[in-house]
Protein chains: 2
Amino acid sequence: MRKTVGRITIKDVAEAAGVSVGTASRVINNKATVRPEIRSAVLSAIDRLDYQPNAVAQSMRRRSTQLVGCIIREINIPALAAFVRAAHDELDQAGYSLVISNSEGRRAREEELIHRFGRLQSDGMLLGPYTPVDPAYEKLLRGFGAPIVLFDRNEPEWADAVAADHAGSIDRATSRLLDLGHRRIAILTGNPLLFPAAERIRGYRRAFQRAGLAVDESLVRGTGFLAAEGFRNASSLLASAAPPTALISGGIDMLPGVLRAIRVRGLSIPDDISVVGSGDSELAELHTPPISVERWDMAETGRTAALLLLRRIGGERDTPPEHVLLPAEFVERASLAPPRQS
Amino acid sequence: MRKTVGRITIKDVAEAAGVSVGTASRVINNKATVRPEIRSAVLSAIDRLDYQPNAVAQSMRRRSTQLVGCIIREINIPALAAFVRAAHDELDQAGYSLVISNSEGRRAREEELIHRFGRLQSDGMLLGPYTPVDPAYEKLLRGFGAPIVLFDRNEPEWADAVAADHAGSIDRATSRLLDLGHRRIAILTGNPLLFPAAERIRGYRRAFQRAGLAVDESLVRGTGFLAAEGFRNASSLLASAAPPTALISGGIDMLPGVLRAIRVRGLSIPDDISVVGSGDSELAELHTPPISVERWDMAETGRTAALLLLRRIGGERDTPPEHVLLPAEFVERASLAPPRQS
């Protein structure tokens with residue numbers, strides 16, 4: 001009775017038991033709606049054929065792979081790793097495995113990975129695009145065929161999303177710098193078409209506006225979230241004729257670049273320049289002096305994203321999209337001081 | 001001709017074309033060994049039935065899922081994230097996706113994940129066990145059914161492995177501390193039954209032996225790689241009647257804990273205590289003062305592990321296991337000074 005070539009399938013089992021594939025499947029999945037004599041015929045066929053269901057075959061029947069795709073810029077950015085860790089733990093508990101791919105922030109990679117996770121029949125996807133979502137991109141996401149949850153993004157609007165209140169925390173940071181007497185406050189962040197950059201700049205402007213002060217547009221740099229961008233922008237600003245007296249580093253991976261630029265120029269924090277980072281880190285906490293930061297809970301972001309996704313995977317498809325905004329606080333440390341008298 | 005229930009399978013295509021499943025498969029996979037008239041019969045059947053192969057179905061035929069499992073302690077340890085990043089890039093280029101799961105260093109989790117990656121029919125696995133490999137564990141790995149590559153481990157011996165020369169780098173670090181006049185040098189690391197801990201302690205002992213000096217066993221702590229263990233061990237040693245004058249932090253995630261312990265006690269580096277870390281990091285580099293480290297290339301480790309795995313997945317199964325030892329250097333920074341005269 002053993003097939004000599006190829007894997008024994010549920011069809012073989014059904015044939016041997018003289019039942020339909022659906023009935024064999026109900027027995028294998030232990031449904032109660034099968035008559036005892038049918039059940040024993042199927043179990044006996046399973047035994048004779050040495051049929052072994054496996055995860056891939058089961059997933060084809062269930063149309064579920066228990067895989068969740070996660071597209072992040074780079075896993076080796078500590079804040080993203082903390083996000084992934086928390087999402088992993090939540091999904092793992094529910095029996096899902098996480099397929100993690102780095103997009104390097106490039107649109108072509110993001111598109112390729114969305115296609116790949118589609119081919120893998122992922123049950124869902126966690127995504128924080130680094131390219132603004134235009135109609136073509138939105139269509140690609142719409143065609144993905146499984147639930148999507150965005151992290152630290154708010155587009156497309158029809159997807160569930162979890163983000164942090166960067167506007168609030170950077171508003172507070174900017175206000176504090178203004179109170180200390182700073183006027184030349186630079187903010188370095190990513191593409192202003194992306195949520196976290198837009199929000200940080202919004203908070204920054206709001207603080208200036210509340211203080212009745214004008215923003216010097218040359219001090220607003222929305223060119224990229226990378227450490228290398230932080231280094232480049234901080235270096236050029238610090239070398240300018242009228243350098244800033246305070247720097248807000250508006251990206252989770254940017255602080256090392258900004259600190260290197262300050263060190264290279266031989267400047268001292270906070271005597272020569274005050275510094276605020278985005279996202280807490282061991283570097284910010286254990287630096288001398290410790291660096292003030294806008295802080296939000298990356299683990300909570302990951303957990304929330306996973307829970308939103310599991311809810312959709314679990315079948316809740318028709319309720320309106322949920323956009324969760326997690327609080328972000330401003331943590332003041334010794335990296336702030338009044339500007340040097342010039 | 002369209003089936004109304006269930007997915008159209010390659011069997012349906014073969015039946016409709018009047019050929020065997022193997023022949024249909026050869027056409028779909030574009031093999032050259034199919035006669036033109038057969039090819040056109042199969043293509044016509046595919047067209048009539050609207051047959052759409054998908055990744056899961058293809059993987060069942062090919063017996064390949066294009067998935068590689070990776071079990072690490074915690075993705076949010078920067079050095080492990082760098083390893084994963086590099087392995088990801090190499091595997092991605094070859095068309096493989098990486099399923100990453102955190103073991104938290106617990107054996108039960110490791111076992112569960114090995115089973116899970118087996119059920120997912122992963123094409124291979126990257127693994128750095130945190131429990132010493134005993135016969136039961138070795139049997140579990142042997143039954144995995146796909147190639148395994150170990151990172152920073154050397155057991156089981158039959159698996160390919162890539163590790164760093166911790167003995168060499170810690171030998172050099174210890175020698176340098178001895179040359180500076182230190183005698184009470186503590187080494188904090190993980191379970192000495194695991195490769196990186198065993199090797200670090202071996203290098204440490206070798207340096208003492210070469211100098212003709214005895215090791216004070218109370219200064220050798222092999223209790224765990226965690227930052228919390230670093231904090232606990234460093235705190236208790238620094239509070240002892242005869243505290244060490246130098247500390248070697250022998251784990252990639254341990255330095256933050258050791259630095260916190262030193263800070264909590266109000267000690268100054270290097271005046272009160274010299275410090276050596278394991279694995280370079282932004283924290284070590286940008287700390288004041290910068291921390292000396294044993295350094296090896298985590299990205300190279302990841303790339304090498306991925307390449308070893310791809311070679312086995314590609315069919316090279318019968319050549320002897322390859323154990324690659326990557327160099328590790330000792331990078332001296334301002335965290336070292338002669339011991340304070342007591």
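Tutor: First, a term: helices here are DSSP runs of H or I with at least four residues, numbered from the N terminus. Also keep in mind that this is a predicted model.

Student: OK. Where do Glu112(A) and Arg116(A) lie?

Tutor: Both are in helix α6 of chain A, which covers residues 107-119. They are four residues apart, about one turn of the helix.

Student: And what do Glu112(A) and Arg116(A) form?

Tutor: A salt bridge, with 3.4 Å between the closest N and O atoms. Side chains of opposite charge can pair when their charged atoms come close.

Student: How many salt bridges are there over all chains?

Tutor: A search of the whole structure gives 64. Across the interface of chain B and chain A, the rule finds twelve.

Student: Which residue of chain A does Asp92(B) form a salt bridge with?

Tutor: Arg109(A), and the closest N and O atoms of that pair are 2.6 Å apart.

Student: How many residues are in contact between chain B and chain A?

Tutor: 50 residues of chain B touch 50 residues of chain A.

Student: What about the area buried there?

Tutor: About 4,300 Å² is buried between chain B and chain A, and carbon and sulfur atoms give 52% of that area.

Student: New topic: helix packing. At what angle do α8(A) and α9(A) pack?

Tutor: About 40°, for helix α8 (residues 166-179) and helix α9 (residues 195-210) of chain A, and their axes are 7 Å apart. Angles from 65 to 115 degrees count as roughly perpendicular and those under 35 as roughly parallel, so α8(A) and α9(A) are oblique to each other. Their crossing is right-handed.

Student: Which residues make that contact?

Tutor: On the α8(A) side they include His166(A), Ile170(A), Asp171(A) and Leu178(A), and on the α9(A) side they include Phe195(A), Glu199(A), Tyr204(A) and Arg210(A). Sorted by class, the contact of α8(A) with α9(A) has eight nonpolar, five polar and six charged residues.

Student: Over to chain B. How do the axes of α2(B) and α3(B) cross?

Tutor: At roughly 85°, with the axes of α2 (residues 21-28) and α3 (residues 36-49) of chain B coming within 10 Å. Those two helices, α2(B) and α3(B), are therefore roughly perpendicular to each other.

Student: Which residues meet there?

Tutor: From α2(B), Thr23(B), Ala24(B), Val27(B) and Ile28(B); from α3(B), Ile38(B), Arg39(B), Val42(B), Leu43(B) and Ile46(B). By class, the contact of α2(B) with α3(B) has seven nonpolar, one polar and one charged residues.

Student: And α5(B) with α13(B), how do those axes cross?

Tutor: The axes of α5 (residues 78-93) and α13 (residues 298-313) of chain B come within 7 Å and cross at roughly 40°. That makes α5(B) and α13(B) oblique to each other, and the crossing is right-handed. Among the residues that meet are Phe83(B) and Leu91(B) in α5(B), and Met298(B) and Leu310(B) in α13(B). The contact of α5(B) with α13(B) has 13 nonpolar, two polar and two charged residues by class.

Student: Last topic, the backbone. Is the peptide bond from Ile269(A) to Pro270(A) cis or trans?

Tutor: Cis, with omega near 5°. Pro270(A) sits in the loop between α11 (255-264) and β9 (274-278) of chain A.

Student: What joins Ile269(B) and Pro270(B)?

Tutor: A cis peptide bond, with omega about 5°. Pro270(B) is in the loop between α11 (255-264) and β9 (274-278) of chain B.

Student: Is the phi of Asp152(A) positive or negative?

Tutor: Positive, about 55°, although Asp152(A) is not a glycine. You will find Asp152(A) in the loop between β4 (148-151) and β5 (160-164) of chain A.

Note on methods: Residues are numbered from 1 along each chain as its sequence is written. Chains are lettered from A and ligands numbered from 1 in the order in which they are written. This is a predicted model: local features need pLDDT of at least 70, side-chain atom pairs count only at pLDDT 80 or more; totals for chains, interfaces and linings use all residues. Side-chain values use heavy atoms; hydrogens and water are left out. Axes are lines fitted to C-alpha atoms, for helices over the stretch in contact, and angles run from 0 to 180 degrees between N-to-C directions. Angles under 35 degrees count as roughly parallel, over 145 as roughly antiparallel, 65 to 115 as roughly perpendicular and the rest as oblique. A crossing is left-handed if the near helix is turned anticlockwise from the far one by less than a right angle, and right-handed if clockwise. Contact means heavy atoms within 4.5 Å. Ala, Val, Leu, Ile, Met, Phe, Trp, Tyr, Cys and Pro count as nonpolar, Asp, Glu, Lys and Arg as charged, and the others, Gly among them, as polar. Buried area is the accessible area (1.4 Å probe) that two parts lose on being put together, summed over both. A salt bridge is a side-chain nitrogen of Lys or Arg within 4 Å of a carboxyl oxygen of Asp or Glu.
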